[in-house]
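Please keep the sequence and the structure in view while reading.

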Amino acid sequence: MGADREGGTRRRPGRVAAYVACGAVLLAGCASMPDRGDMRGVEATSRQDTQVRVFAMPPPEDASTTEIVQGFLEALTSDDPNYETARKYLTADAARKWQPELSTTVLANGPGFAPERSGDREDADDVLYALTGTKVAMVDARQSYAPADGNYTQSVHLVRDQKTEQWRIDGLPQGVVMGKSDFERNYTSVDKYYFASNKTEGTTSQTVAVADPVYVRERVDPMTHMVRSLLNGPTTWLGQVVRSSFPTGTQLRKGVGSLTPDDQNKLTVPLNDKAARVGSDRCDEMAAQLLFTLSDLTPAVDEVELQADGKQLCGLTDADADAVAARGSVQQPEYLYFVDGKHRLVRIPAGGDSTKPDPVPGALGEGDKQLRSVAVSRDEHAAAGVGADGKALYVGSLVSGGSLGDPVLLSEGATEQDRLTAPSWDARGDLWVADRDPRNPRLLVLREGAGEPLEVKTPRLDGRIKDVRVAADGVRIALVVEKDGEQSLFIGRIERDEKSQDPPSVQELRSATPELEEVTAMSWAGDSRLVVVGREHGGVQQLRYVQVDGSTPEGPAPAALTGVKEIAASEDDQLPLVAYSEDGIVRLPAGAQWQKVDADGTAPVYPG
């Protein structure tokens with residue numbers, strides 16, 4: 001197990017014996033192999049139905065050292081809840097010290113292994129094996145995924161028990177290691193939810209929910225693991241800008257095992273006494289965090305009841321949770337916007353079949369200023385547009401009779417390509433844009449779309465920004481950054497000091513598309529997902545979804561489309577993808593093919 005199925009590794013007969021009984025598949029851990037010689041690899045299991053659980057076999061009597069190493073590596077990819085079978089390959093002391101939950105190392109193929117050192121005598125009682133591979137990603141103790149590269153090299157030490165004469169592992173790296181295909185079979189990405197530290201959304205004080213994606217083992221009680229993960233707090237990267245309504249130290253009540261909803265899809269969550277004194281509003285927020293987090297798991301959870309000290313704290317239904325906090329994925333915009341052939345801002349209903357656009361109310365829809373890119377505020381009350389030459393940024397209200405006035409920002413770039421990017425509105429009503437002037441490249445924000453543009457600090461930004469999109473939660477930003485002819489997508493964390501008037505900063509940029517050398521366009525397409533247009537090295541242009549942590553989400557990619565120049569998606573995945581391609585504005589409704597909307601249109605956007 002552990003090597004990609006595409007890797008071409010030949011299956012050795014007898015390596016895996018599968019027994020289907022009571023919905024479980026048992027994988028034989030070993031086959032007879034020499035304990036010296038060429039490098040060996042742990043092969044991938046074939047992809048099983050998601051309802052079938054996979055268990056490894058314990059070490060057979062008189063297993064060779066190679067069989068012990070291979071069996072142990074295979075056991076790491078099974079559905080054994082506490083890795084009890086894997087521990088049978090270890091000495092008692094090593095089994096006590098080994099902490100598999102500390103990390104998961106994902107390799108391009110399964111770990112290769114070969115003897116590295118053994119005693120001079122044939123009857124030596126210890127042997128050292130080298131584990132090798134090429135790293136793809138790491139999942140840390142908080143279950144946060146991060147792309148990785150470079151070589152993987154670790155050692156496994158085996159000893160022969162003096163009494164039983166059986167080989168066992170007594171020295172090994174902490175955590176687990178497996179190939180990419182086994183990781184994809186074993187783990188699933190789930191969003192857990194916290195709240196933006198700054199509650200403000202626009203001019204209201206509504207709480208804003210922020211998705212924090214983590215990876216959990218798909219068939220090893222993911223519901224209970226997600227609840228525990230939520231209670232343990234956000235991942236390190238996101239923790240600076242979010243808060244949890246659960247009091248510090250809140251955990252499941254001691255002795256609680258598996259959490260399962262009842263036949264009415266109601267989940268009861270018994271908590272320890274740290275949560276016993278919370279008020280009703282805070283308890284509702286706690287319940288909303290749980291409902292948002294468990295919304296995509298099976299079985300479904302439609303209601304949560306929280307308990308502490310044996311008493312009910314509160315209950316909340318899925319229907320009421322969205323009133324507690326705003327989520328981008330459930331806020332459906334009213335219109336889709338784009339620039340028509342007359343360079344005006346026009347719109348059509350977001351969820352309808354209409355292809356007849358109407359100019360927006362206000363100056364940006366009148367055509368006095370020719371536009372090349374636009375952004376509409378999330379409340380759809382205001383819009384911003386960059387002039388056709390990329391030099392000037394205008395802001396106007398979407399109200400009939402509204403005037404436009406002077407530009408709120410001017411770029412001094414010498415060419416159109418060296419001037420302003422398309423703008424983007426955040427959840428607070430602030431407007432973001434990048435100036436690509438090579439002499440003074442900057443990321444700028446205009447509070448409420450007006451006033452003096454403030455330069456945003458972007459430590460460790462290496463290159464010029466080509467595209468800017470702020471997430472609906474207002475605490476994450478997606479940037480396409482260009483350097484040396486390559487364009488990469490990065491996700492940054494927006495940090496603000498609410499006590500000062502200093503501009504926000506974008507911290508800890510991390511790559512969301514490590515496999516692509518060119519990103520032509522991108523848009524947020526969910527609470528933790530984006531859709532991108534790009535290509536791999538030596539490849540052709542493609543559309544794909546990516547997670548903010550750099551992983552690839554489950555499910556199919558969007559239907560192919562050639563010549564895509566711009567892409568627009570709503571965080572609400574019920575709305576169609578929209579693109580500007582060689583056929584003009586086109587859209588992709590669910591379950592359908594790409595459809596033409598406007599042959600002369602450009603720059604499609606949903607609010608944001």
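## Cavities

The second largest cavity holds about 90 Å³ of space, where a cavity is a set of points on a 1 Å grid over the protein atoms alone at which a 1.4 Å probe fits but cannot get out, and a volume is the space filled by probe spheres set on the points, joined across faces, edges and corners. Its lining consists of 17 residues, with A209, G328, A472, D473 and D527 nearest the centre; a lining residue has an atom within 4 Å of a point. Strand β13 (residues 207-217) gives the largest share of this lining, four residues, and the lining divides into eight nonpolar, three polar and six charged residues. Here Ala, Val, Leu, Ile, Met, Phe, Trp, Tyr, Cys and Pro count as nonpolar, Asp, Glu, Lys and Arg as charged, and the others, Gly among them, as polar.

The largest cavity contains about 160 Å³ and is lined by 18 residues, of which R469, S523, A569, Y606 and G608 lie nearest its centre. Its lining comprises twelve nonpolar, three polar and three charged residues.

## Basis of the model

The model is predicted, so local features need pLDDT of at least 70 and side-chain atom pairs count only at pLDDT 80 or more, while totals for chains, interfaces and linings use all residues. Residues are numbered from 1 along each chain as its sequence is written, and side-chain values use heavy atoms, with hydrogens and water left out.

Strands β23 (residues 382-387) and β24 (residues 392-397) pair over five bridges, and A382 has S397 in β24 as its bridge partner.

## Aromatic rings

Nine aromatic pairs are counted, a pair being rings of Phe, Tyr or Trp (its six-membered ring) with centres within 6.5 Å, called stacked when the planes are under 30 degrees apart, edge-to-face when over 60, and tilted otherwise. The rings of F183 and Y215 have centres 5.2 Å apart and planes at 45 degrees, so this pair is tilted. Both F183 and Y215 are buried, meaning under 20% relative accessible area with a 1.4 Å probe and protein chains only.

Technical notes
Pairing = 2+ DSSP bridges. Helix = DSSP H or I, 4+ residues; strand = E, 2+ residues; numbered from the N terminus. 1 Å grid on protein atoms, 1.4 Å probe; cavity = no way out; pocket = protein on both sides within 12 Å on 5 of 7 lines; lining within 4 Å. Buried < 20%, exposed > 50% of the residue type's maximum accessible area, 1.4 Å probe, protein only.
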